[in-house]
Amino acid sequence: MTTLTHRAHRTKVGKNPEKKVESEEDTANQDRSTDSEDSGDAKDIRLTLMEEVLLLGLKDKEGYTSFWNDCISSGLRGGILIELAMRGRIYLEPPTMRKKRLLDRKVLLKSDSPTGDVLLDETLKHIKATEPTETVQTWIELLTGETWNPFKLQYQLRNVRERIAKNLVEKGILTTEKQNFLLFDMTTHPVTNTTEKQRLVKKLQDSVLERWVNDPQRMDKRTLALLVLAHSSDVLENVFSSLTDDKYDVAMNRAKDLVELDPEVEGTKHSATEMIWAVLAAFNKS
């Protein structure tokens, strides 16, 4: 599983200390936004959570994710489940005396109306056709292909990164190239719209610095989901790497505090998006 680490200080930061992060009272109004899928400025390109995670994981010039990252595949599947829940297509069954924990409760279909996204709609069809129903952790494993049951291999989503990358190409954020790696050729997708990626990175940086509210229930739900998914996909380091050492430490500590909260407690709070915390619980257990 992913880890949050502190980088070694390269040099001492200058004599002038970093400005203190704004207080919760000063930033509360800035941080309140709707739980809808189109958070952010209307002029921004609308991206799914999966597209945002992949964009954060891609090397800008090379156009591929780190060869050592074995977490992003399952992270993208978790993003699919959260995206479907936030679009009102699926939800967790209500808690009962026997099934109180997030990881014990099954994923249920709320609406099978198409979303317009191929991966989301493919997953929706799988969930609709599956009987008996499955838990969040099981669905992440099935969609990733991590199952010993040969009858369940049909639920694996194939070529997910490439399909998401093609969506980003169509939205004008990536381009497609062929690179030779001695023994094989590989399709890569370098970033062409660096402005969009910088906007995404800055949004996450601000969420744990200038706009930090120290309460996940007051955070924008899509930003909270993206922080959880970036951590689970092991791409959070990419988000904070451009910060000064002092700000990097603050950002990493706050992100660490966030993902180490008890999902069972946070998921029961008023206005909580249960699927976000269920996905985090699944990654914490794996």
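This is a predicted model: local features need pLDDT of at least 70, side-chain atom pairs count only at pLDDT 80 or more; totals for chains, interfaces and linings use all residues.

Student: OK. How many helices and strands does the protein chain have?

Tutor: The protein chain has 12 helices and four strands.

Student: And what share of the residues is buried?

Tutor: Of the 286 residues in the protein chain, 48% count as buried. As for contacts with a separation of 6 or more, 70% of them are between residues 24 or more positions apart.

Student: Let's pick a helix. How many residues of helix 2 are buried?

Tutor: Nine of its nine residues are buried, so helix 2 is mostly covered. Helix 2 covers residues 49–57, and its buried residues include Leu49, Met50, Val53 and Gly57.

Student: What do they pack against?

Tutor: The buried residues of helix 2 pack against helix 3 (72–86), helix 4, helix 6, helix 7, helix 8 (221–232) and helix 9 (236–240).

Student: Take helix 7 from that list. At what angle do the axes of helix 2 and helix 7 cross?

Tutor: They cross at roughly 100° and come within 10 Å. Angles of 65 to 115 degrees count as roughly perpendicular, and helix 2 and helix 7 are therefore roughly perpendicular to each other.

Student: Which residues make the contact?

Tutor: On helix 2 they are Glu52, Leu55 and Leu56, and on helix 7 they are Lys197, Leu200, Val201, Lys203 and Leu204. Sorted by class, that contact has five nonpolar, three charged and no polar residues.

Student: What lies 3.0 Å from a polar atom of its side chain?

Tutor: The backbone nitrogen of threonine 48 lies 3.0 Å from a polar atom of the glutamate 51 side chain. Leaving aside neighbours within four places in sequence, glutamate 51 is also in contact with Arg46, Asp117, Ile164, Asn167, Leu168 and Lys171.

Student: Another helix pair, then. How are helix 4 and helix 6 placed to each other?

Tutor: Helix 4 (residues 118–129) and helix 6 (residues 160–170) have axes that come within 10 Å and cross at roughly 135°. At that angle the two helices are therefore oblique to each other.

Student: Which residues meet there?

Tutor: Val118, Leu119 and Glu122 from helix 4 meet Val160, Arg163 and Ile164 from helix 6. Four of the residues in this contact are nonpolar, two are charged and none is polar.

Student: Switching to strands. In what sense do strand 3 and strand 4 pair?

Tutor: Strand 3 (residues 177–180) and strand 4 pair in the antiparallel sense, over four bridges.

Student: Which way do the side chains of strand 4 point?

Tutor: They alternate along residues 185–188.

Student: What about tyrosine 91, which strand is it in?

Tutor: Tyrosine 91 is in strand 1 (residues 90–92). It counts as partly exposed because its relative accessibility is 35%, and the range for that runs between 20% and 50%.

Student: What does tyrosine 91 touch?

Tutor: Not counting residues up to four places away in sequence, tyrosine 91 touches Lys106, Val107, Leu108, Leu109, Lys110 and Met275. Methionine 275 is 184 residues away along the chain, yet the two C-alpha atoms are separated by 7.1 Å.

Student: Where is valine 279 found?

Tutor: Valine 279 is in helix 12 (residues 274–285). It is buried, with a relative accessible area of 0%. Its contacts, apart from neighbours within four places in sequence, are Gly78, Ile82, Val136, Ile140 and Leu229. The C-alpha atoms of valine 279 and leucine 102 are separated by 8.9 Å, and those residues are 177 apart along the chain.

Student: Last one. What does threonine 144 do with its side chain?

Tutor: A polar atom of the threonine 144 side chain lies 2.6 Å from the backbone oxygen of isoleucine 140. Threonine 144 is in helix 5 (residues 136–144) and counts as buried at 13% relative accessibility. Beyond four places in sequence, threonine 144 is in contact with Ser73, Ser74, Arg77 and Gln156.

How values were computed:
Residues are numbered from 1 along each chain as its sequence is written. Side-chain values use heavy atoms; hydrogens and water are left out. A polar contact is a pair of N or O atoms within 3.5 Å; within protein, one must be able to donate a hydrogen and the other to accept it, and residues adjacent in sequence count only if both atoms are side-chain atoms. Contact means heavy atoms within 4.5 Å. Buried means under 20% relative accessible area, exposed over 50%, partly exposed in between (1.4 Å probe, protein chains only). Axes are lines fitted to C-alpha atoms, for helices over the stretch in contact, and angles run from 0 to 180 degrees between N-to-C directions. Angles under 35 degrees count as roughly parallel, over 145 as roughly antiparallel, 65 to 115 as roughly perpendicular and the rest as oblique. Ala, Val, Leu, Ile, Met, Phe, Trp, Tyr, Cys and Pro count as nonpolar, Asp, Glu, Lys and Arg as charged, and the others, Gly among them, as polar. Two strands pair if DSSP finds at least two bridges between them.
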